[in-house]
Amino acid sequence: MESILGRYRNLVILVGVLFLQILGLAVQVKRSSDTENTRLIRVWAVDMVTPFERVLIWAQNGTGGLWHNYIYLRGVRAENRQLKDQIEQLRLEQVRLNEDAVQAHRLQALLAFKEQFISKTVAAQVIGSSGTDTSRILYIDKGDKDHLKRDMAVITSDGVVGKVLQVFPSVSQVLLINDQSSGVGTILEKSRLQGFLKGAANGEVALEGVMSDEQVAPGEKALTSGGDQIFPKGLLIGTVTNVATGKDLFLNIAIKPAVNLSKLEEVLVVVERQERQATTEDLGRVRAADILARRLPSVPDKPPVTANSPSPAPAGSVAAPGTASRTDSPVAAPKQVSTNAAGLTKPAKSPSASESVARPQVASGSGQGRQNSTQSATPNAAPPTTAGRPDAVTTSKPASAAPTQPKPRAAQSNPAPAKVAPAVLPAQPDPANAQDSPH
Amino acid sequence: MPITYTSGEQVEVYRFSLPVTVGVPLLALFLQAFIPRRFPGFAVYLDLPLLVTIFFAMARRNPISGLLTGAVIGLLQDMLGHNPIGIYGIAKTVVGYLASSLGVKLDVENAGARLLLTLGFYLIHSAVYFTVARGMVSLTQNWSWSRGVLAGLANAFLGVILYFFLDKFKQRA
């Protein structure tokens, strides 16, 4: 016996070592809650590697920062100009979105929806990866010390990245959405079809669980549905690139992630979310009489007379093109901005009463009410400006309630049209409107 | 007797200093985890810890030492991922054992032999990993010969260069 063991000593040790590892694997596979007991040795391994990664990242950032921030500044001026233009465009886009948000908020309040907010995020830097294509994870430089916890959502400004898988004292593991063990509750933006996003072995991402008799078009955006209780609802995941009939009567929907998952440098970890009942407190109270009044013709409001201004500027003339775009106060309250935007995007054609009730907030701007009154008095006036609202004219929401309305209470409580209008008007000066404004 | 065969007395057995024994595998693991941050394809096609395992196993020419080296490096590589620990451990244990066993019988000093051996060991490593991952852990794995051979060749060429530099750390036993 001893001679046999001595003769095949190498083979016996090989079998022994393999047996131990297989045993360890079997124990891990059988365990239902993953990685709790193997955590310690993972900590050791991570602690061995990540300090070097941190140092290297630090040195890399230091060198890169010195070069890019102080030495290599070629094209910065042009880029700066381009970015300023982009900011202007985004401001206008923001105005439009704010209007939609206010309306959605009001509807949510009416339906007693609960809203979710990302109230706190922690920025983290990617310092490494698993180094294999079978385990698509990242290491970030924030951990337990920064109050990160398992299953927190990890995002960037472009979209969803993944979730926190394991938290170590000063680093964390992030499971990417293209890993085959990940899953994200997903909803398609236009068709509102829901499914779950799964990664494949080759790193591609697919939406599963959509029946094959549904119509899904390539190019449609995929958003988080919030059903997984990890990712807040409405975050962009990616775009549908290919749709094919799969097995078991489900569609194979290939998704291209909005985030370039292979070249991430900084991410945001959602550490706190708030859920609250939607209320209309901050939108101003709307009385039944106000709603009724919108259906009835009324006398246009007189322009306000302020003691300080020698010649009281009417609302329409406040938003003079050119001056508005150069305003230094782009941080006007979204509520105010949106309501004014709504007023300015109204077509002057005969609106229906039901439409006006469907968009009660359109009349909440004090300046806009007067301007709209003027528009209604001149039905053949030139189409109103659609600054920041390119779809306003063709939409089924002509936002036409305001022309003959009194000011709602919300508008009365915020009588500051001069601060608001500039953010609305700059892109498309509309002489017709300016002329129509009461003087 | 074929020219590539050598007797046990003829083969050179090497050893390495402690810093090299510990530092080189750790450096390989570190680079394997760090480089994909900039070059994502690196992790798909190249496996530095495998190359280091093969090198140490072939140089020491001791099967027990080879399989233990492979087991330790493989387990460390497993720990950096999120899959169960042991898949890479098993694969690299097998490769370490085979590399050191072949190192006893073959001349593994010339570049051509190293190229072919590394290609072969990469395929063996992939096959063992595929089997364990699919059979024991139920990971979805797709076997592709073209990708395997391509990655094997990439590893083999990188290995030949890497071994050339690592040869400098060899010490005669």
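A: Contact here means heavy atoms within 4.5 Å. By that criterion, 44 residues of chain B are in contact with 50 residues of chain A in this predicted model. The size of an interface is often given as the accessible area lost when the parts come together. Between chain B and chain A the buried area is about 4,000 Å², and carbon and sulfur atoms give 64% of it. On the side of chain B, three residues supply more than any other three: Arg37(B), Leu80(B) and His82(B) account for 20% of the area that chain B buries against chain A.

The count of salt bridges between the two chains is 1. In a salt bridge, the side chain of Asp133(A) meets that of Arg147(B), at 3.0 Å from N to O.

Arg147(B) also takes part in a contact within chain B, where helix α7 (residues 145-166) packs with helix α6 (residues 111-135). The axes of these helices lie 8 Å apart, at an angle of about 135 degrees. α6(B) and α7(B) are therefore oblique to each other, and α6(B) passes α7(B) in a right-handed crossing. From α6(B), the residues that meet α7(B) include Ala111(B), Arg114(B), Leu115(B) and Tyr122(B). Those of α7(B) include, besides Arg147(B), Gly148(B), Val149(B), Phe157(B) and Phe164(B). The residues of this helix contact divide into 13 nonpolar, 4 polar and 2 charged.

How values were computed:
Residues numbered from 1 in each chain as written. Chains lettered and ligands numbered in written order. Predicted model: local features only at pLDDT ≥ 70, side-chain atom pairs only at ≥ 80, totals over all residues. Heavy atoms only, no water. Axes fitted to C-alpha atoms, helices over the stretch in contact; angles between N-to-C directions. Helix = DSSP H or I, 4+ residues; strand = E, 2+ residues; numbered from the N terminus. Parallel < 35°, antiparallel > 145°, perpendicular 65-115°, else oblique. Left-handed = near helix turned anticlockwise from the far one by under 90°. Nonpolar A, V, L, I, M, F, W, Y, C, P; charged D, E, K, R; others polar. Buried area = accessible area lost by both parts, 1.4 Å probe. Salt bridge = Lys/Arg side-chain N within 4 Å of Asp/Glu carboxyl O.
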